[in-house]
Every structure is written in C-alpha cells, then in structure tokens.
Amino acid sequence: MASCYGVSKLLLILLTTSIATALPVTKAVSGQINSNSVLVALLDSHYTELAELVEKALLLQTLEEAVGRHNITIFAPRNDALERNLDPLFKSFLLEPRNLKSLQTLLMFHILPRRVSSPQWPSLSHHHRTLSNDHVHLTVDAPTLRLKVDSADIIRPDDVIRPDGIIHGIERLLIPRSVQEDFNSRRSLRSISAVLPEGAPEVDPRTNRLKKPPPPVPAGAPPVLPIYSAMSPGPSLAPAPAPGPGGPRHHFNGEAQVKDFIHTLLHYGGYNEMADILVNLTSLATEMGRLVSEGYVLTVLAPNDEAMAKLTTDQLSEPGAPEQIVYYHIIPEYQTEESMYNAVRRFGKVKYDSLRFPHKVLAQEADGSVKFGHGEGSAYLFDPDIYTDGRISVQGIDGVLFPVEETPATEIKPAAPVFKKVAKSRRGK
C-alpha cells in the first residue's frame, strides 16, 4: 500500500514539472505609470499645449509603453510657441480627424527612445532615430555653444528630469517632411476631388424620364449657343467687355481679325465712312472681336460712302442709332457672293438673321446679282468679297438697309354672301 502511494506521488511530481517546462515564460509588463514619470511631469509643466495634442492624437498608451521599455527624451515647445508662432491653417489641419496620422507622426517626431541629457550632447552621434522612425540632427552652435535639434534651439536644456525620461524646452515646433508634404497637398487641393456644379436634372414631359446631358463639345467645334446668347447688352445699356488675348479657348484672335478687315476697307477705297464708324464705336468693334474669338463667324454688309452720305440727321440723332444700323448689316453666318447668289437662285427669296434681333435681312436675285432689302430701301451687292478669311466676310453694298416694321394684318371680315334673286314666272301671265 505504501509503495503504491509513493509511485503515484512520484508520477504527480513528474507531470507537474513537465507541464511547467512546456508553458512559455511571460514577463509581466505594467501598463501603468507612477506619479514621478516624465509623462506626468509633462502635464504639470510649461508644455500643457503639447500634452493636449498628445491626448488628442490618442498617443497616451503608446508613450506609456515606450516609457515602460526604456527612457525617453522629449523635445517640447513651450505653450507660447504653439499659441502664437504656429500657423492657424496648419494647426486646424492637425486637428482635423482625417489628419490623425499626420498629428501622430508630428508628435512622435519630438520623442527619442533613449535618454539624452545636455552633458552627453557633444559626445553623441549627430543623427538619432525618433519614435516616428524619422531622424533628427543634434548639433552644437559653434559661436554661441547653444544646443540645437534640427533648426530649433534648445532654450531650456534639462528642464524636466525624471527617472524614466527628460524634457528639453525648444523654441518652436519641429515639422517632419512627410507632414509638411501632406499639409501642402491639402492646401493646394491636389488631394480633394472637386465636384463640378451641375443644374437640377430636367424631366422630359413626353416620356417622364430624365433628359440625358448633351455630349461634350470638342475644341474648335462651332459654338452650341446661338450668337445672341454671346452678345452683350445693347450700347445704350452697357459697353461690351474687352476680349481676352486670343479668346478663352485660344483658337482665334478676333480683335486682330476685326482690325485687319477695317484696314482692308480703308485700302479698298470707297468705304471710309463705314470704317470710321467701326473705329469710333470701339465697343462695337470690341464685341465683334470677342464673338470671333469665341468661334462665331460674321458677314458684314458694308454700305459704300455714297450710300452713307444719304443718311439724314433724323436717322442718326436717336441714341444708339449708328450701332443699330451696323447691327442690322451684320449676319451671324459666313457668306460669300457665290453662296448667297446660289441661295437666291435656288430659293428665290432668303431671309438672313441679323445681330439686330429679331429683324432679318431679305435677299433675292435681281439682274444677275443679289439685292437686299425691300422696295426703295433696297441695296445691291456692289463690291463682292472685299474681305474673306473664313471667319469674317465683308460684302460691299450700294445702300443703307433699314428693317421694315411689320404691322399686324387687320382682320378682314368675310363679306356676306350675295344671293341672286330670280323672278319666278307667274302662271297665266
């Protein structure tokens, strides 16, 4: 009985030792810090602003683990350096929730995972790795013998000394290159996907479905909007805006084209009055140049000097009368003598739009040429193709055109039907 008890006790001892050797050996690491820690001293010093940033960056547990493993060195800017000398835009960038990673990198850039006191400064190597896996450069300024970390001066060396770390006061915040690049990219809006403003969707009343957006217009294509949408208000309301150099799409230099055709009128001879109006009415010439720069094409029906001399004072006395006269002589199409003559030969009468909306210019074939206008106020195509460059066409005519005021047709009452009385023959007479 005793032998059996001894054997069982021996087996129990062997089993216990085998289990103990099989289990891994763990070292207890305390996650708590005592009141004499350098992290507690950071809260009770002149560096409370930095301590607030550490709390907002959710780094307290990380720093407690770093203090538990080894001594640390903190380069801490004073409160006034963070309050007054820090860019407000940069500070708001750090406090945005989406930039938490940048804030953590910035704060750990100020902490070394080793203890570096001021007496040890000259004897250490220059480069030291921080908790953010970046390097800081520790130097001594030769003339003043002042300690430096990167480009910041140590203004309070060994300001706080504790068993698990040390705090040096610096004049300003240290910013690693990665955080600076993130801030620059946010400030230049490179990392923001901007949304183009779009109008509310339109519903097709016929199908009760959303209308599809129009396809994009390729560069150099004719404008989608009519020419009247691109025109400025009339001369009596506001002057035409000056065009940009070469137009916003940099296709044509409309101002140069208008100057060119005005010089052509002067050299051609017999159209000095028309050229003089275009030169003096700078707003009109500027607007024509802007339209050509936008990609529109124009045809100018230019009256010769004899026709302009017949204008009366009453026709020119009203405000804006010269502009309205010239507007009626500009067609928002590119037409040459051949194209207009072929049109009137084929269709008989053709009405061209003019810049004096909504009036139109009537054209018809007469005596082997093209005649514009109605009745006595008509004019013939006198000098064809004075200037043609594919965008502006100038055609000389021998009269000044005026729009015909269309009067509404009076309603004519239908005449009462006329009944013819037929005398009936009487029987017996």
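**A loop and its surroundings**

Author: Happy to! Pro-358 sits in the loop that runs between strand S12 (349-353) and strand S13 (360-366). Keep in mind that this is a predicted model. The peptide bond leading from Phe-357 into Pro-358 is cis, and its omega is near 5°.

Another loop, between strand S3 (127-129) and strand S4 (135-140), holds Asn-133. Asn-133 is not a glycine, yet its phi is positive, at about 65°. Asn-133 counts as exposed because its relative accessibility is 54%, and the cut-off for exposed is over 50%. Asp-158 also has a positive phi, near 55°, and is a residue other than glycine. Asp-158, however, belongs to strand S6 (residues 152-162).

Now for the inside. In soluble globular proteins, nonpolar side chains tend to be buried together. Here the largest nonpolar core has 35 residues, and those touching the most other members are Phe-261, Leu-265, Met-288 and Val-394. Helix H12 (residues 282-293) gives the most to this core, with 5 residues. Take Val-394: beyond its neighbours within four places in sequence, Val-394 is in contact with Phe-261, Leu-265, Val-300, Ala-302, Asp-385, Ile-386 and Tyr-387. There is also a second, separate core of 32 residues, with Tyr-47, Ala-57, Ala-66 and Met-108 among them.

Finally, a helix pair: H7 (residues 100-108) and H8 (residues 177-187) pack at an angle of about 150°, their axes 9 Å apart. That angle makes H7 roughly antiparallel to H8. Their crossing is left-handed. Ser-102, Thr-105 and Leu-106 of H7 meet Ser-178, Val-179 and Asp-182 of H8. By class, this contact has 2 nonpolar, 3 polar and 1 charged residues.

How values were computed. Residues numbered from 1 in each chain as written. Predicted model: local features only at pLDDT ≥ 70, side-chain atom pairs only at ≥ 80, totals over all residues. Heavy atoms only, no water. Axes fitted to C-alpha atoms, helices over the stretch in contact; angles between N-to-C directions. Helix = DSSP H or I, 4+ residues; strand = E, 2+ residues; numbered from the N terminus. Parallel < 35°, antiparallel > 145°, perpendicular 65-115°, else oblique. Left-handed = near helix turned anticlockwise from the far one by under 90°. Contact = heavy atoms within 4.5 Å. Nonpolar A, V, L, I, M, F, W, Y, C, P; charged D, E, K, R; others polar. Core = buried A, V, L, I, M, F, W, Y, C linked by side-chain atoms within 4.5 Å. Buried < 20%, exposed > 50% of the residue type's maximum accessible area, 1.4 Å probe, protein only.
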